[in-house]
Amino acid sequence: MNALELSDVRKIYTMGDGSDVVALDHATLTVADDEIVALVGPSGSGKTTLCSIAGGILSATEGRIVVGGEDISDYGDKQLTKFRQEAVGFVFQSVNLVPFLNAKENLTVVDELGKRTGKAAQQRADQLLEELGLADRKKNLPGQLSGGQRQRVAIGRALMNDPKLVLFDEPTSALDTELGEQVMELIRTEMKQRGISAIVVTHDERITQFCDRSVNIIDGHLAA
Amino acid sequence: MFLALKEMSRAKTRFGLLVAAIALLVFLILFQQSLQNGLITGFVGAIRNQNAPVLVYSVDGQRVVQGSIITPDLEAELRGVDEIGEVGRLGQGTFTGLPTRAEITFDTTIIGYELGADGEGLGAPRELVDGRYPTAELEAVASTGGDFEFAVGDTVVLQPGGFTVEVVGLADDIQLNVAPTLFTSYDTWSSAVQSVNPDAGPPLPNVMVVAPADGVTDGQLVDAINARSLEFDALTRADAAAETPGVSQVQQSFRLIFLLYGLVVPCVTGLFFLIVTFQKANSLTLLRAIGAPASRLVASLLIQVVLIIGAGLFVGTALYYPVSQLRLGGLSLRYESGAVVFWTVLLLVLGIASALVAARRVLRIDPIEATTGAGVGI
Amino acid sequence: MNLALKELRRRPGRFATATLIITLIAILLMFLGSLLDGLIRSSTGAIRAQDVDAIVYSSTAQASFPRSRLDVDVRMQVESLDGVTEVGGIGLVQLGARVPGNGPRDLANVALFGYEIAPKGVPEPPADGQAYADEVLEVDGVEEGMTILLGPARTPVEVIGFVSDTSFNGQGGLWTSEATWRSTLSENRPDAQLADGVWQALVVRGDAELAERIDAATDGATDSYTVADAVNAIPGVEEQQGTFNQIIGVTIAVALVVIGLFFALLTVERLSLYGVLKALGAKSLTIFGGLLVQAVVVTLIASTVAGILVILLDVVIPPGSIPIYVSAGSILSSAALLLLAAAVGCSFSLRRVLSVDPASAIGTTS
């Protein structure tokens, strides 16, 4: 089963003056199981839009979206919310950890918003933090962690609900080259170890070496 | 000014809510100011605005006119005090009165005083707004405002008994116990009391009204009278009004209320502007980085404070004005322009002071933070 | 909810000022409520205590004791009315009392009642020359067994016990026999004395709808009230209640707006956080629920602090200077109103929370 199948997906925005902007135009993309794909393009190319649609954050105007075998093309808001809780993981550009929760709580918050498995979530959070090398930072607030450590917490959060697909939005843009490479190494290791597929959105060509393949996107069109 | 106004126009809900909160608070403060003054005037206006500088109660009266009784012995004792220049009797009674123009009866207070040659004897209202003083029996000066608006020429029939009094003059703020009040001759009052209670004999005066002899101050007269006998409770006119039971309670209660309301306004303003300053930290840092002087940013903040509090004061006062013209169960409220001015100045000063906390944060912004992204920080 | 509570615990400073403001408003509300309760209580105790179905004044009295007189004929008419089981007289005289040990100008204000039917909490009329005193008079130094002297005539009355909540017109009640009341009245208020058999008012026990039937039977010579109506007829009571309730109402509105404002500001500040939470799968209502929880907790803390301070205020204020009556009921009802205001004020932010787009968490939307 493929992790992601986008078929002829379009996203059109209507601007304030009535004109239409096509952010994504007839995008077709397949991400295989256990594959890491880099989505590369300049600012405004539509890569974030594609990522948002794949992650169930945005609805497409047209087209078919199947994530891990689940067809979310016609999902309403409520269904998309549930889908995001259970099936997808996100690591955002500006990290976006909850500033008043410590590292472990930033992981368990996912469980609290969704299924509420209680103890199981606590154990999973401990395990993930251990694997990410943050066992001794469990009780630190984001303000007490380095940039790289915060990034790792965000990755842990993305993995909490055992997702079918993880979406990374510019994961290294706030980091220097060395740290950026370390984080990409970590991403690759963690995804491969667990057999989870990922899309890494980036404008940085240097990152692509850590991914299985690259797909370019310009002005809403995916390159063949 | 430009920055200040632009920001407010882009966040109308927030600033609007703040103006609403301040307006409501201002309205409450001013309304209660009117209420307090109306209560006190309604209770003891008659005492404050009659012409005798000193009033002498019997100690048993506990400074309540209707509770005080001056026996003939006491009266004789009082007349023997050297410092007295002029002395007169005052009688008070509360009746059920039916003004002929009205359809229902009202509580009516009658205060009888010794008329003197021209009706302006000791104990008469200090100033009239219409008509003349009573010069004969069965004539009265009536209070304005209150449950029933008297007019010159009205007659009031007391119940039971049908005793009738004619209104020949009007005066402001001469009520006692928040009831329509009539100032009549002493004999008229005495006859009125007997008309409603045939079992009683001629009533005794409640209070003696006194003026000092030449060269004697009001204070000296009070001391001399009180020293004369422990049965006397002499007070200057102002003290008599202030120390009527209930008046000081009203004033103390309201004092506490005003203090609390007065504190809430600067707290709300200060909190609002502090939070808003944090929220626009990045924009402020950016402005500083591109060359805006710190003083300009602070001035912009203070302009907003003045505009907001000003708007709140304006709306609050606008809400207050119609309410201040109302009659509340016998109490006539009044638009207290002095209170409006006082609270306007006080709240503006307090509001600006409260915003200084936010201003301090603005002054501490380092423009270099624009490049590192730290901003004002939390 | 957990998230909301954690934020309160971890970042109390952010909520501290708002809590302070709401505490001030809560103190105001509780103080106003206690003031109203105190004023009403001390004005109306003697009437509320009447354990009867109707109180009867003369028709021209405007429900005022000193202006009312009902003679023997009227009483007989009332007694002979169908459904009337018991009729008693009641009379009042308000005087200053000299209490042993107090200064010569330091009199206690008393409302002396002569009665036949005992009010709630008051025993049957005592022997002549004796009285039950309301406990508020203890503040003036009155003690059991003490003889106090009433009025300018210094009528002696021995206090043989205490009762509670029987004040009238702000003065402590003193409950005596008919004879004691009549003699005190004629000695101290000769212009108001009444002949034997004449009372100022009657209290009547019987079946329902008594008040109207009595007035009909006496052909309009009387003005009868139920106890509740008689309380409201006491001059000033209705106006006080009306005015205070309006002031309290507007103050609640202020609380609502202030709380709404504070949480609206907080919401604006956390829009990006809400975007992230929604992207992670949080429902809008969960987020709003968290906001509501914070508003409720902040208000509860403010109400608790205010309640404690108002109780302290009651202890610290010298008795008689400000007439407040602090009760658990009035504090709790003020807190409840404030909680309601908090919930409603919070809802100003609901639309904002609902409209947060989870896509805002991911860079830009293009």
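Student: How many helices and strands are there in chain A?
Tutor: Chain A has six helices and ten strands, counted as DSSP runs (H or I, at least four residues, for helices; E, at least two, for strands) and numbered from the N terminus. This is a predicted model, where local features need pLDDT of at least 70, side-chain atom pairs count only at pLDDT 80 or more, and totals for chains, interfaces and linings use all residues. Residues are numbered from 1 along each chain as its sequence is written, with chains lettered from A and ligands numbered from 1 in the order in which they are written.

Student: And what's the radius of gyration of chain A?
Tutor: It's 17 Å, close to the 17 Å from the globule rule for 224 residues, so chain A is as compact as a globular protein of that length. The radius is taken over C-alpha atoms, and the rule is 2.2 Å times the number of residues to the power 0.38.

Student: What does the C-alpha trace of chain A span?
Tutor: About 50 × 40 × 40 Å along its principal axes.

Student: Switching to chain B, which domains does the assignment give?
Tutor: Domain 1 (2-43 + 247-372) and domain 2 (45-242); the bounds come from an automatic or database domain assignment. Their centres in chain B, over C-alpha atoms, are 46 Å apart.
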